[in-house]
Amino acid sequence: MTVAKLGAVVLDCPDPRALAGFYAEVLGGTVEGDDEWADLAVPSGQGLSFQAAPGFVPPAWPAPEQSQQFHLDLTVANLDAAERSVLALGAKPLDTDDRSRGWRVYADPAGHPFCLCAC
């Protein structure tokens, strides 16, 4: 017997609608919300939510003395094409030099790390 079911994965950020819009471009889906809270409903199922956080400080990556807190693994069919797309949307490369791996690490516009994975 389970105690609960997952309701939402919530990312703190300075601008909920803008960050939800970034992920809507990456994952598809629709955004609803306001300046304090936004929800992204995605075609694949589990959505994401975004909450305004005054004084938001993005996680540092890599930083052994600090936790990255969490990251998203996003499965893609073509790493190079997906990389071009997320960079055009405002992502920043964090760990992308080793082209032999099946994954690369980026930061979203608010600084949260995420991986594109051809797994």
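Which residue takes a positive phi just after H1? Gly-28 does, with a phi of about 85°. Let's walk from there through the rest of the model.

First, some ground rules. This is a predicted model, in which local features need pLDDT of at least 70, side-chain atom pairs count only at pLDDT 80 or more, and totals for chains, interfaces and linings use all residues. Residues are numbered from 1 along each chain as its sequence is written, and side-chain values use heavy atoms, with hydrogens and water left out.

## Helix H1

Helices (H or I, at least four residues) and strands (E, at least two) are DSSP runs, numbered from the N terminus. Helix H1 covers residues 16-27, which makes twelve residues. The expected span of a helix is 1.5 Å times one less than its number of residues. For H1 that should be 16 Å, and the end C-alpha atoms are 16 Å apart, so the two values agree.

Several residues of H1 are buried: Pro-16, Leu-19, Ala-20, Phe-22, Tyr-23 and Ala-24. Here, buried means under 20% relative accessible area, exposed over 50%, and partly exposed in between (1.4 Å probe, protein chains only). An α-helix has 3.6 residues a turn, so residues three or four places apart point the same way.

## A network of salt bridges

Side chains of opposite charge can pair when their charged atoms come close. A salt bridge is counted when a side-chain nitrogen of Lys or Arg is within 4 Å of a carboxyl oxygen of Asp or Glu. The structure holds four of these, including the ones in this table.

| Pair | N to O distance |
|---|---|
| Arg-104 and Asp-80 | 3.0 Å |
| Glu-83 and Arg-99 | 2.6 Å |
| Arg-104 and Glu-83 | 3.7 Å |

Salt bridges that share partners join Asp-80, Glu-83, Arg-99 and Arg-104 into one network. Where do these residues sit along the chain? Arg-104 is in strand E7 (residues 103-107) and Asp-80 in helix H2 (residues 79-88), 24 residues apart. Glu-83 also belongs to helix H2, and 21 residues separate Glu-83 from Arg-104. Arg-99 lies in the loop between strand E6 (92-95) and E7, so its pairing with Glu-83 ties together parts that are 16 residues apart in sequence.

How much of each residue is accessible? Arg-104 is buried, at a relative accessible area of 4%, and Glu-83 is buried too, at 9%. Asp-80, by contrast, is partly exposed at 35%, and Arg-99 is partly exposed at 42%.

## Loops and a charged patch

Glu-36 lies in the loop between strand E2 (30-33) and strand E3 (37-42). Is Glu-36 buried or exposed? With a relative accessible area of 53%, Glu-36 is exposed. Together with Asp-15, Asp-34 and Asp-35, Glu-36 forms a negative surface patch. Such patches are made of residues with over 30% relative accessible area and no salt bridge; like charges are joined within 9 Å. The C-alpha atoms of Glu-36 and Pro-54 are separated by 10.0 Å, while the two residues are 18 residues apart along the chain.

Another loop, between E3 and strand E4 (45-52), holds Ser-44. Ser-44 is exposed, with 72% relative accessible area. This brings us back to Gly-28: Ser-44 and Gly-28 are 16 residues apart in sequence, and their C-alpha atoms are 8.8 Å apart in space.

Definitions and conventions:
Patch = residues over 30% accessible without salt bridge, like charges linked within 9 Å, V, L, I, M, F, W, Y side chains within 5 Å. Areas by Shrake-Rupley, 256 points an atom, 1.4 Å probe, with all protein chains shown as cover. Lys, Arg positive; Asp, Glu negative; His and termini not counted. Charge placed at Lys NZ, Arg CZ, Asp CG, Glu CD.
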